[in-house]
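I opened the notebook on a new structure. My notes follow the order in which I looked things up.

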Amino acid sequence: MAKFSGAHLKSLRKEAGLTQKELASKIGISRETVVAIENEYVGSIDKLSIEVVNSWWAVCRRTVSAKTKESFKSQILRFFNIT
């Protein structure tokens, strides 16, 4: 499985101009879960579901650059081994 980090998701959230609390509210998880994912607490990335990533992406993609969109899509496809 390709390496994926919470830093990628944090960068996406920040570029979209959202706080951890705002993002958590929009995607239906706790702010603490967002913190755990972004800071890569043990197991947080390994247990990350495609549904959470999809929701994170759906909220953030509207306001990020085209370069960020392409990079993020590529990382997600590699992480979830989607061809």
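In which helix is the place of Thr68? I found Thr68 in helix H5, residues 66–79. Helices here are DSSP runs of H or I with at least four residues, strands are runs of E with at least two, and both are numbered from the N terminus.

I noted the ground rules next. This is a predicted model, where local features need pLDDT of at least 70, side-chain atom pairs count only at pLDDT 80 or more, and totals for chains, interfaces and linings use all residues. Residues are numbered from 1 along each chain as its sequence is written, and side-chain values use heavy atoms, leaving out hydrogens and water.

I stayed with Thr68. Its side chain makes a polar contact with the side chain of Glu15, at 2.7 Å (a pair of N or O atoms within 3.5 Å, one able to donate a hydrogen and the other to accept it). Setting aside neighbours within four places in sequence, Thr68 is in contact with Leu12 and Glu15 (heavy atoms within 4.5 Å).

Then I checked helix H1 (residues 6–15) against helix H4 (residues 50–60). They pack at about 25°, with axes 9 Å apart; axes are lines fitted to C-alpha atoms over the stretch in contact, and angles run from 0 to 180 degrees between N-to-C directions. H1 is therefore roughly parallel to H4, the term for angles under 35 degrees. Leu9, Lys10, Leu12 and Arg13 of H1 make the contact with Trp56, Trp57 and Cys60 of H4. I list 5 nonpolar residues, no polar and 2 charged there.

How do H2 and H3 cross? The axes of H2 (residues 20–27) and H3 (residues 31–38) come within 8 Å and cross at roughly 110°. So H2 is roughly perpendicular to H3, a term for 65 to 115 degrees. Gln20, Lys21, Leu23 and Ala24 in H2 meet Arg31, Val34, Val35 and Glu38 in H3.

Last, I looked up the record. UniProt, in an unreviewed entry, places "domain: HTH cro/C1-type" at residues 9–48. Over residues 9–48 the chain is 57% helix and 0% strand, with end C-alpha atoms 11 Å apart.

Terms used: UniProt positions are given in the numbering used here, feature names are shortened, and annotations may be inferred rather than shown by experiment. Angles under 35 degrees count as roughly parallel, over 145 as roughly antiparallel, 65 to 115 as roughly perpendicular and the rest as oblique. Ala, Val, Leu, Ile, Met, Phe, Trp, Tyr, Cys and Pro count as nonpolar, Asp, Glu, Lys and Arg as charged, and the others, Gly among them, as polar.
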